[in-house]
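Subject: Structure handover

Hello,

Here is the structure we talked about. My notes on it follow below.

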Amino acid sequence: MVYSKRFDGRKFDELREIEAKVGVIKSADGSAMFRMGKTIAIAAVRGPRNLHPRFMQNPEKGILRCNYDLMSFSVTERKRPGPSRRSQEVSLVTEKALLPALNLDEFPNAVVDVFIQITQADAGTRCAGINAASLALADAGIIMSDLVCAVALGILHGDKVIVDINKEEEDYKDGMADTPIAIMPHSGKITLLQMDGEASKEEIKQALEKAKEACKKIREVQVKALKEKYGGMKNEV
Amino acid sequence: MKFDASYISSLLNQDHRVDMRKLDEYRKVKVELGVSKTAEGSAKVTLGETVVIAGVKLDVGEPFPDNPDEGSIIVSAELSPIASPDFELGPPDSQSIELARVVDRGIRESEAIDFKKLCIKEGEKVWIVFVDIYSLNDDGNLQDAAFLAAMAALKNTKFPKLKDDKVVYGELTDKKLPLVKEPIECTLVKINGKILADPNLREEKALSARLTVAVTKEGNLCALQKGGDKGLSQEDVDKMIDMAIKGTKELRKLI
């Protein structure tokens, strides 16, 4: 059966309502909230700061460490607090998604820690987390070549590619290939690419094209949030 | 930090606090309900710059053999490094366990929830109430913020639908939790011989002793927890309890 109309009435390449706010956690060096529809992520950056244990230190540049976590009540069935195999993998790919945008050359032996908490999940949590984290890093004043923007696409093999799927779509009965993608919009570099499901080469190509367009819109919202906090400054973000 | 502690302490000689508050004055408190729609109930409490989120999830499980017709409550707290440079990743440490247990005691011992009404089928199926507390920013007195958030979240909770004794998440009924009492916790600290309410982080680092008091609506006490490295005199305890009874009256108005 063809998926002809989205459950929530959006166009197939339309993002959910997105909202971003910078500076939501006072004690952090940088922080942000990013909401995509009913998915809400909060990120805090702490550092650059001393790195322990010392064997992890890199004398040439600082390292990035990410931690992604779902609040136990952010999902339909309560999740036990603490890390899981899933959250550890998401933490890792989040780190790899953000790293290409960062320049940590000036912080040898130090670490920049990024902590992400999902308060409410409706699919696309790692993407919302990356969007929040990228804003939090900018808020912390870390040198970045660009913001990192992420969105989860759904590929219905043989039918169509859908932008920013929610939980209901993710669970679509005919099989939706979940494809989270992160892009640095300026250079067009892809820094996160995962997929599970079935898709043709053409469909992946199409997903990347659509992700590129969606990420431009996400970047606009991120820049606006930064300007809301740093609006007094003259230079363009 | 040592310098700061002695500064805070010397200010108190004139009854002055670092943030200009009166000794029994709370910071500005804000309670927001329904901050996480995936939870059956949730609340965010902002106490000065301390921020805490509590969420309630309900599940169906087996009752304890000694109380076959009663549901139960499980409270846990995560002091995530998102909230403070002093918190670390890993399993809950003693601070977060104490936080959760003191919240748990205040709710349980006041019999705030009528556990008998959480019984679905005696000896077989009861509701289990999970209260999970997450700190988002620690600027002191996480305890009072956590308790207020937990109580507000419980009051905000609605039962999910049940189908063949299984929970249908995402579909809430209009039925609320059977809350019969409304305990509130107030934490007092002693610094340089003075008793202060609602310590901020700097004051917490300077305290010699603290006492958390859970008070019911009727003004009775239902839980106590003494903390800090030094002892308290009986007069201190008396004064702290009086201040807690007064303080909880104000906080109760917010939920």
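I start with a loop residue: B:Asn192 sits in the loop between strand S9 (184-191) and strand S10 (194-197) of chain B. Please keep in mind that this is a predicted model. The phi angle of B:Asn192 is near 50°, which is a positive value in a residue other than glycine. Most residues other than glycine have a negative phi. B:Asn192 has 16 C-beta neighbours inside 10 Å, so it counts as partly exposed.

B:Asn141 belongs to the loop between S6 and H3 of chain B. Is B:Asn141 buried or exposed? It is buried, since 26 other C-beta atoms lie within 10 Å, and the cut-off for buried is 20 or more.

Chain B as a whole

Chain B contains five helices and 12 strands. Its radius of gyration is 19 Å, close to the 18 Å that the globule rule gives for 255 residues, so chain B is as compact as a globular protein of that length. Along the principal axes, the C-alpha atoms of chain B fill a box of roughly 65 × 35 × 30 Å. Of the 255 residues in chain B, 44% are buried. If you take the contacts in chain B with a separation of 6 or more, 68% of them are between residues 24 or more positions apart.

Where the chains touch

The largest nonpolar core has 141 residues. Those with the most contacts inside this core are A:Ala132, B:Ala146, B:Ala149 and B:Ala150. Helix H3 (residues 142-156) of chain B gives the most to the core, with 11 residues. H3(B) is mostly covered, as 14 of its 15 residues are buried. From first C-alpha to last, H3(B) reaches 20 Å, close to the 21 Å expected for 15 residues at 1.5 Å a residue. Apart from its neighbours within four places in sequence, B:Ala150 is in contact with B:Ala54, B:Val75, B:Val103, B:Ile107, B:Val131 and B:Ile133.

Helix H1 of chain A

Helix H1 (residues 85-98) of chain A has 14 residues, which should span 20 Å at 1.5 Å a residue; the end C-alpha atoms are 20 Å apart, which agrees. Which residues of H1(A) are buried? They are A:Val90, A:Ser91, A:Thr94, A:Ala97 and A:Leu98. These residues cover an arc of only 125° around the axis, so they are on the same side of H1(A). An α-helix has 3.6 residues a turn, so residues three or four places apart point the same way. On the other side of H1(A), the exposed residues are A:Arg85, A:Gln88 and A:Leu92. The buried residues of H1(A) pack against several elements of chain A, among them strand S5 (110-120), helix H2 (125-139) and strand S6 (149-156).

A:Ile155

A:Ile155 is placed in strand S6 of chain A. A:Ile155 counts as buried because it has 24 C-beta neighbours inside 10 Å. Leaving aside neighbours within four places in sequence, its contacts are A:Val161, A:Ala177, A:Thr179, A:Gly197, A:Ala199, A:Glu203 and A:Ala207. A:Glu203 is 48 residues from A:Ile155 along the chain, while their C-alpha atoms are separated by 7.2 Å.

Cis peptide bonds in chain A

Most peptide bonds are trans. In chain A, the bond that joins A:Gly47 and A:Pro48 is cis, with omega about 0°. A:Pro48 is part of strand S3 (residues 39-50) of chain A. The peptide bond from A:His52 to A:Pro53 is also cis, with omega near 0°. A:Pro53 lies in the loop between S3 and S4 of chain A.

Regards

Terms used:
Residues are numbered from 1 along each chain as its sequence is written. Chains are lettered from A and ligands numbered from 1 in the order in which they are written. This is a predicted model: local features need pLDDT of at least 70, side-chain atom pairs count only at pLDDT 80 or more; totals for chains, interfaces and linings use all residues. Helices (H or I, at least four residues) and strands (E, at least two) are DSSP runs, numbered from the N terminus. The radius of gyration is taken over C-alpha atoms; the globule rule is 2.2 Å times the number of residues to the power 0.38. A residue is buried if 20 or more other C-beta atoms lie within 10 Å of its own, exposed if 12 or fewer, and partly exposed in between; C-beta atoms are placed from the backbone. Two residues are in contact if their C-beta atoms, placed from the backbone, lie within 7 Å. The expected span of a helix is 1.5 Å times one less than its number of residues. The arc is that of the directions from the helix axis to the C-beta atoms. A nonpolar core is a set of buried Ala, Val, Leu, Ile, Met, Phe, Trp, Tyr and Cys residues joined through C-beta atoms within 7 Å.
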